[in-house]
Amino acid sequence: MQKRDFLRTMAGASMSLLLGERLWAQYSGLAPDALAREEPFWAAIRSKFRLKPEYINLENGFFCMMPEEVLDALVTRVREINYEASYYMRTRKDDDKLEVRKKLATIAGCAPEEIIITRNTTESLDTVIAGFDWKAGDEAVMAVQDYGAMLDMFALQAKRHGIVNRMVSLPIDPRSDEEVVSLYERALTPRTRLLMVSHMVNITGQILPVRRIVEMAHARGVQVMVDGAHSFAHLDFRIPDLACDYFGASLHKWLGTPLGAGLLYVRSDRIAGLWPIYGDMGVADTDIRKLNHTGTHPVHTDLAIQNAIAFHEGIGIPRKEARLRYLQNYWTGKVRGTPNIVLNTPTDPRRSCAIANVGVATMKPADLSKTLLEKYKVWTVAIDGAEVHGARITPHLYTSTAELDTFVRALKELARA
Ligand SMILES: Cc1ncc(COP(=O)(O)O)c(C=O)c1O
């Protein structure tokens with residue numbers, strides 16, 4: 001059997017396990033973009049989650065809740081590890097964690113030797129930023145719209161080592177990839193050593209042309225670290241496609257793992273150059289595990305990553321991305337161009353996926369989010385900084401178009417008031 005046919009058969013097999021053969025038989029012939037519009041299919045996926053009836057949750061960018069079967073697997077693991085206690089930790093923990101690392105490496109498209117399980121993106125990216133061998137006067141480049149914790153970590157290196165941080169500000173509707181690439185390029189100087197770029201900007205949902213930014217930076221001798229907090233298990237790509245040096249993500253966002261799971265990828269030839277935060281003299285300088293000595297930790301969380309991977313693979317990343325983009329376009333398409341409604345997300349559908357940001361010209365973002373919750377029972381988060389003012393709207397796989405219709409009605413009513 002051809003590899004592609006084999007993979008298709010496997011995807012079909014896991015989907016029928018997830019939903020039952022009869023239901024899957026109805027939909028299995030559809031391409032991801034067509035399936036994205038099939039509400040009965042997604043209602044079956046929705047039934048895998050336990051949802052609070054009191055509000056419509058459009059704030060899944062913080063973390064995406066686990067489906068019930070992943071939660072049940074986690075609870076079982078908590079019980080079993082507690083039961084066996086140190087016996088488990090001394091006899092099986094390392095082998096079991098290695099299996100999870102291998103599975104994660106498979107969906108990330110890299111070697112297991114280039115990836116470690118961390119607690120979150122903050123730990124992953126801060127490990128790189130703090131691990132760099134900075135000298136006074138070295139420069140780093142990043143964007144005002146990058147995540148605050150990483151910007152703070154660079155600010156800390158400036159305070160401690162005297163590095164210089166140069167900031168760009170991203171246009172929401174770039175005319176072309178070149179416009180974004182040259183924005184970063186203009187910030188580079190002969191002293192630049194590291195460029196940080198968000199794959200998907202968390203406050204606007206903007207997807208950046210990372211591969212092209214990496215190629216430009218590498219041609220200038222600059223290493224690139226990608227903040228993939230929102231892109232991993234949301235967009236259909238493999239980490240090596242980006243050609244970056246470092247990549248960090250939070251698995252509790254789009255992979256749907258328990259809270260407190262992340263990954264750090266370091267390209268094999270970059271491992272030796274990083275200083276670990278926590279010492280471990282038993283691990284070679286070229287071994288990525290030197291960056292992972294965080295002591296005794298909740299290993300059941302790490303092990304449940306494989307249950308989340310099984311659910312994620314059951315749907316398949318092309319279908320997941322297509323549905324998430326469909327949901328965002330569904331509601332933004334109904335409000336774009338409406339007087340008083342300001343969309344802070346690119347118009348070009350290739351430049352965004354699930355996440356978008358919307359403002360009402362007459363309302364402060366905090367008031368907009370508060371009113372959405374109190375009057376319309378729609379849960380969102382207000383963003384009011386980094387040149388972005390609005391509510392961030394993040395649907396998830398369980399979001400229905402009926403819920404989005406409620407949200408659109410609320411938004412139009414507020415814009416008219
Ligand atoms: C772009 C981006 N980077 C990093 C983070 C930090 O993620 P965590 O708190 O899981 O470390 C977030 C969290 O929302 C984010 O949106």
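Reply: Let's start with a definition: buried means under 20% relative accessible area, exposed over 50% and partly exposed in between (1.4 Å probe, protein chains only). The model is predicted, so local features need pLDDT of at least 70 and side-chain atom pairs 80 or more, while totals for chains, interfaces and linings use all residues. Numbering runs from 1 along each chain as its sequence is written, and side-chain values use heavy atoms, leaving out hydrogens and water.

Me: How do I read an aromatic pair, and how many are there by this rule?

Reply: You describe a pair of rings by the distance of the centres and the angle of the planes. Rings of Phe, Tyr and Trp (its six-membered ring) pair with centres within 6.5 Å; planes under 30 degrees apart are stacked, over 60 edge-to-face, the rest tilted. That gives 12 aromatic pairs here. F132 and W134 are tilted instead, at 4.6 Å and 35°.

Me: Are F132 and W134 buried or exposed?

Reply: F132 is buried because its relative accessible area is 6%, and W134 is buried at 5%. F41 is buried too, at 0%, as is W42 at 1%.

Me: What does the side chain of D245 reach?

Reply: Polar contacts are N or O pairs within 3.5 Å; within protein, one must be able to donate a hydrogen and the other to accept it, and sequence neighbours count only if both atoms are side-chain atoms. The D245 side chain reaches the backbone nitrogen of V224 at 2.7 Å, and a polar contact of 2.7 Å joins it to the side chain of H218. D245 is buried, at 0%.
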